[in-house]
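Please examine the sequence and the structure shown below. The briefing that follows is arranged by topic.

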Amino acid sequence: MPELTEAQWKKAADRLELDGLYFLYGEEKYLIAAYLKRLLKKASEQPFADFNVQRFSGDGLLADKVADAAEALPMMAEKKYVVITDLDVEKLPARELSKLYELVENLPETTVLLVFQPTLEMDVKKSAAWKKWLTVVKKQGTVVEVRPREGAELERLLCAYAEKRGCELSRQDAAFLISQCGKELQTLFHELDKLCAYIGKGAITRAAIDRVAVKNLETTVFLLSKALVSAQYDKAYSLLDLLYQQREEPVAVLAVLSSAYVDLYRVRACVQGGHSPAELANYFPYKGKEFRLKNAERDMKGLSLEKLRESLEVLLETDIGLKSSRTGDRILMEKLIARLLLIAEKERIT
């Protein structure tokens, strides 16, 4: 069977016009969970729902029990719905997985078997087990990949969400919220709930977003890198404090900060070589992330290639220290900030 689009899935699920096997997976976990909840509500409105709708967790799954549920005839209904959440074919014992494949290939016509992945992270491109599962599902049933929302579509979703809660959010301010909190819907809706509670009724302003919404790790570290290269001492340390208040792992903070400095180094080297920074997307994974190159081109102007190289050496030393030294993480991070600020300050003086 061909893959279904999300729109096709929603239409079929709302009408309970489903047959056979369905597998819903993807990066946007919030929507997968919402689709699961919506389907269960629809199916539970049918007669004898306690018998005709059965759920199983992928954790410790017993294929025999799933098969017993799937092979039982529906009671006073056309279909029986068997739902598995967060199936992990990599961890499932070979015996159980073999039985599950047997069920998939011999699914009764009166049963709809649905596998939802609302929380489990999976790499379908690198894992042989998941590649095999997808191949079988596409042959025997239907696959629905739920992808992250982007751009205007994501902005419209946020505006509509705010409107349902009695608030107004402009497209421009929706874009600002995304820039501060990332693109994950669950996080964005959580922050909108906070903003609506803070505002009460009326327009959600950019000032309110800046005051109330919690910035994600990448946004905060990006602001930190800007403060460092421009030698803004107070701002740099206040942002480090914020990261600790948000209980971000120092190793994760260092990884993102190092990535920002690598961007600066690449762009500086590219420009000095007489090339456009956009050309870097041909050699490094910047596709869909070209904004990083634009930001680096803007921010690297105050630092030479030599000073950026020195900064990368300091970041490497700190990484080794965090992973091997007995010195406290906070001390190492504060020392890192001081050294990077001094490098930027020397560049400005010279």
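Is cysteine 181 buried or exposed? Cysteine 181 is buried, with a relative accessible area of 4%, where buried means under 20% relative accessible area, exposed over 50% and partly exposed in between, with a 1.4 Å probe and protein chains only. The model is predicted: local features need pLDDT of at least 70 and side-chain atom pairs count only at pLDDT 80 or more, whereas totals for chains, interfaces and linings use all residues. Residues are numbered from 1 along each chain as its sequence is written, and side-chain values use heavy atoms, with hydrogens and water left out.

**Overall architecture**

- The chain contains 16 helices and seven strands; helices (H or I, at least four residues) and strands (E, at least two) are DSSP runs, numbered from the N terminus.
- The C-alpha trace spans about 85 × 50 × 45 Å along its principal axes.
- Of the 350 residues in the chain, 46% are buried.
- Contact means heavy atoms within 4.5 Å; among contacts between residues at least 6 apart in sequence, 74% join residues at least 24 apart.

**Surface and charge**

- The accessible surface amounts to about 18,900 Å², and carbon and sulfur atoms account for 52% of it; areas come from the Shrake-Rupley method with a 1.4 Å probe, and for residues only the protein chains shown count as cover.
- The chain has 53 positive and 53 negative charges, whose mean positions are 2 Å apart.
- Lys and Arg count as positive and Asp and Glu as negative, while His and the chain ends are not counted; each charge is placed at NZ of Lys, CZ of Arg, CG of Asp or CD of Glu.

**Cysteines**

- Zero disulfides are found in a search of the whole structure, a disulfide being a pair of cysteine sulfur atoms within 2.5 Å.
- Cysteine 159 is in no disulfide, and the nearest cysteine sulfur, that of cysteine 196, is 11 Å away.
- Cysteine 181 is likewise in no disulfide, with the sulfur of cysteine 196 the nearest at 13 Å.
- Cysteine 159 counts as buried at 15% relative accessibility.

**Strand S3**

- Six of the six residues of strand S3 (residues 80-85) are buried, so S3 is largely enclosed by the rest of the structure.
- In a regular strand, side chains alternate between the two faces of the sheet.
- Lys80, Val82 and Ile84 point one way from S3, and Tyr81, Val83 and Thr85 point the other way.
- Strand S2 (residues 53-57) runs parallel to S3 and is joined to S3 by five bridges; two strands pair if DSSP finds at least two bridges between them.
- Valine 53 has tyrosine 81 as its bridge partner in S3.

**Leucine 185**

- Leucine 185 lies in helix H9 (residues 185-199) and is buried at 0% relative accessibility.
- Leaving aside neighbours within four places in sequence, leucine 185 is in contact with Glu28, Tyr30, Leu31, Arg149, Leu154 and Leu157.
- Leucine 158 is 27 residues from leucine 185 in sequence, and their C-alpha atoms are 8.7 Å apart.
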